[in-house]
Amino acid sequence: MTSSAELFATAQKLMPGGVNSPVRAFGSVGGVPPFMVGAKGAYLTDADGNSYVDLVCSWGPALLGHAHPAIQDAVHAAVDRGLSFGASTPDEGKLAALVMGRVGGVERMRMVSTGTEATMTAVRLARGYTGRDLIVKFAGCYHGHLDGLLAAAGSGLATLALPGSAGVTAATAAETLVLPYNDREAIAAAFAEHGANIAAVITESAPCNMGVVTPEPGFNKFLAETTRANGALLILDEVLTGFRASDAGYWGLTGRTEGWTPDLYTFGKVIGGGLPTAALGGRAEVMDYLAPLGPVYQAGTLSGNPVAMAAGIAQLTHATPEVYAHIDAKSLELQAALASALNDAGVDHSIQRAGNLFSVAFGTSEHGVHNYEQAQAQEAYRYAPFFHSMLESGIYLPPSVFEAWFLSSAHDDEAMDKIFAALPAAARAAAAATPAV
């Protein structure tokens with residue numbers, strides 16, 4: 001038995017499914033998940049000593065690659081000063097200022113510990129500010145495991161083929177309206193019927209949890225205009241895309257040029273530099289409804305943790321235009337190589353893009369994927385053999401077809417060549433796949 005297999009068998013006796021986040025259990029692709037013990041640059045190392053070119057990048061935070069020296073140095077210095085103070089620190093304001101300098105419409109920020117906590121707080125704040133109850137979300141968009149937002153969520157729920165989650169009450173679910181993504185008519189109809197009671201529309205800036213789905217041109221701007229016209233708020237979830245899709249997230253690719261901003265953003269992943277931190281931010285008028293200024297309560301002992309703040313500051317400081325240009329270029333190279341390999345193997349597919357984030361959807365070349373229904377209808381059975389072929393060749397992909405692929409500034413030509421070399425065999429494995437009976 002390999003070390004990873006032994007570790008997984010032990011973990012299954014200690015933790016539900018042997019994991020602390022469901023997708024890590026490889027339920028979508030099967031097999032034993034490798035247990036990672038080290039990471040450097042573009043590579044991961046597992047408990048058996050195997051090395052992998054990493055295309056998960058910790059689900060986004062490893063923008064500069066793993067164990068980047070500047071982040072490591074900042075973290076070590078912060079650790080020497082102390083791990084947690086239960087009090088305010090100068091670096092909280094420094095990180096907030098870096099975020100505000102990149103993203104339009106962020107006039108106030110509140111640091112929290114996870115993306116789920118950020119969206120939970122944003123939803124509570126929207127209800128408190130508007131005095132309304134209903135939240136509109138889109139099928140396939142995932143905003144963390146907040147009860148009211150797990151209806152028709154993507155990511156892990158799509159992977160596990162669950163319509164929702166046990167433990168979510170009917171009353172809680174009833175406070176969420178779930179609409180098809182990219183459907184302006186559905187939005188208009190929802191506001192026509194429920195507008196006086198809609199507190200907010202929450203959307204991923206570009207969905208990355210049903211695979212990547214690109215918003216139709218002007219769709220996010222339409223949401224901003226519709227919510228504003230009806231006295232509701234727009235919450236733009238940039239937990240995955242923030243400071244990843246561009247220097248200002250996916251908003252930077254759309255809102256910055258189209259001239260709109262949401263009322264609230266949620267951030268995570270990249271702003272922690274590999275440590276657990278997240279944030280919400282937006283218009284001062286709305287954000288000042290949070291305690292201690294306003295009546296909407298939120299608190300957290302580890303919010304603004306000094307070690308995480310130091311990592312985030314180092315990350316954003318070193319996330320230069322050159323970094324984004326490199327990642328953008330490597331992403332385009334990989335997308336082209338992936339499409340070429342699948343075409344050569346005769347595998348019908350589409351490449352789904354959101355800036356430098358992308359994913360592959362099988363059996364979708366005719367129309368691509370524009371919503372959750374289309375994402376679920378793809379030939380998802382082709383992904384497991386594709387994934388395992390890549391894994392055996394030393395390439396670590398997201399262990400679900402419903403996830404985005406990530407690159408970093410550490411992905412050099414040598415790492416990319418290893419990926420390119422693995423693609424033809426993986427494409428042939430996908431071509432040979434048959435649906436389960």
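Mentor: Two strands pair if DSSP finds at least two bridges between them; strands (E, at least two residues) and helices (H or I, at least four) are DSSP runs, numbered from the N terminus. The model is predicted, so local features need pLDDT of at least 70 and side-chain atom pairs count only at pLDDT 80 or more, whereas totals for chains, interfaces and linings use all residues. Residues are numbered from 1 along each chain as its sequence is written, and side-chain values use heavy atoms, with hydrogens and water left out.

Trainee: How many bridges join strand β2 to strand β3?

Mentor: Strands of a sheet pair through backbone hydrogen bonds, either parallel or antiparallel. Here β2 (residues 43-46) and β3 (residues 51-54) run antiparallel and are joined by three bridges; Y43 has V53 of β3 as its bridge partner.

Trainee: In what order do the strands of the open sheet lie?

Mentor: The four strands follow the order β1-β2-β3-β13, with mixed pairing. At the edges, β1 (36-40) and β13 (395-396) each pair on one side only.

Trainee: Which residues touch the most other members of the largest nonpolar core?

Mentor: Nonpolar side chains tend to be buried together in soluble globular proteins. A nonpolar core is a set of buried Ala, Val, Leu, Ile, Met, Phe, Trp, Tyr and Cys residues joined through side-chain atoms within 4.5 Å; buried means under 20% relative accessible area, exposed over 50%, partly exposed in between (1.4 Å probe, protein chains only). In the largest core, of 114 residues, the answer is F386 and W405. A second, separate core of 21 residues includes A126 and L280.
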